[in-house]
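This briefing goes through one protein model, topic by topic, for a reader who is meeting such a description for the first time. Please keep the sequence and the structure in view while reading.

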Amino acid sequence: MDVDRVPYLADHVVGGAVMFPAAGFIEIALAAAGQSEGTSHEIESLEIRAPLVFEGTASKTVRFTLSDDGSFTIRSRPRLSDQTWMLNVLGRLRSPPRDRFHHAWTCGVPWAPAPTGFPVKNTTGARRWSA
């Protein structure tokens, strides 16, 4: 991964440093999981442990690892280096319930379909994302 190859990454600056956006970690997890399993997934949890910072023109190698239990990590290090992999993200994926209406009803959370990617606010005040 490299700011020269993906120039819009340089637009995400926090505190004067170019950082990989959190939405990018979500996309990596969902895209990689979809390829490894061939099914759809939802993110159950995601914790950013360390930002992925681009320093100058240095490229990064990013590694996604998915365990059988759905837990995953995203790690990085400078490209072509032997440095220790830095843990950037910990998370867990799950397969969506087959019957979303039944699942939401049994969990006591009202659910209504919405266009993909739009937030849906339920009566408990918690935010859910449609899939």
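Predicted model: local features only at pLDDT ≥ 70, side-chain atom pairs only at ≥ 80, totals over all residues.

Helices, of type H or I with at least four residues, and strands, of type E with at least two, are DSSP runs that are numbered from the N terminus. With these terms, the protein can be read along its sequence as the pattern β-β-α-β-β-β-β-β-α-β-β, which contains two helices and nine strands.

**Overall make-up**

- The protein has 131 residues, and 27% of them count as buried.
- The accessible surface of the protein comes to about 8700 Å², and carbon and sulfur atoms account for 54% of that area.

**An open sheet of three strands**

- Three strands, placed in the order E1-E2-E4, form an open sheet in which the pairing is antiparallel.
- Strand E1 (13-14) and strand E4 (53-54) are the edge strands of this sheet, since each of them pairs on one side only.
- Strand E2, which covers residues 17-19, is joined to E4 by two bridges, and these two strands run antiparallel.
- Met-19 has Val-53 in E4 as its bridge partner.

**Aromatic rings**

- A pair of aromatic rings is described by the distance of the centres and the angle of the planes.
- The count of aromatic pairs in this model comes to two.
- In the pair of Phe-20 and Phe-25, the ring centres are 5.0 Å apart and the planes stand at 65°, so the pair is edge-to-face, because planes over 60 degrees apart are counted in that way.
- Are the two residues of this pair buried or exposed? Phe-20 is buried, with a relative accessible area of 11%, and Phe-25 is buried as well, with a relative accessible area of 1%, because buried means a value under 20%.

**Salt bridges**

- Side chains of opposite charge can pair when their charged atoms come close.
- Five salt bridges are found when the whole structure is searched.
- One of them joins Glu-44 to Arg-92, with 3.8 Å between the closest N and O atoms, and this pair links distant parts of the chain, as Glu-44 belongs to strand E3 (residues 42-48) and Arg-92 to strand E7 (residues 86-94), 48 residues apart.
- Glu-44 counts as partly exposed at 43% relative accessibility, and Arg-92 is also partly exposed, with a relative accessible area of 29%.
- Arg-92 also forms a salt bridge with Asp-69, where the closest N and O atoms are 3.7 Å apart.
- Asp-69 itself counts as partly exposed, at 49% relative accessibility.

Key: Residues numbered from 1 in each chain as written. Heavy atoms only, no water. Phe/Tyr/Trp six-rings, centres within 6.5 Å; stacked < 30°, edge-to-face > 60°. Buried < 20%, exposed > 50% of the residue type's maximum accessible area, 1.4 Å probe, protein only. Pairing = 2+ DSSP bridges. Areas by Shrake-Rupley, 256 points an atom, 1.4 Å probe, with all protein chains shown as cover. Salt bridge = Lys/Arg side-chain N within 4 Å of Asp/Glu carboxyl O.
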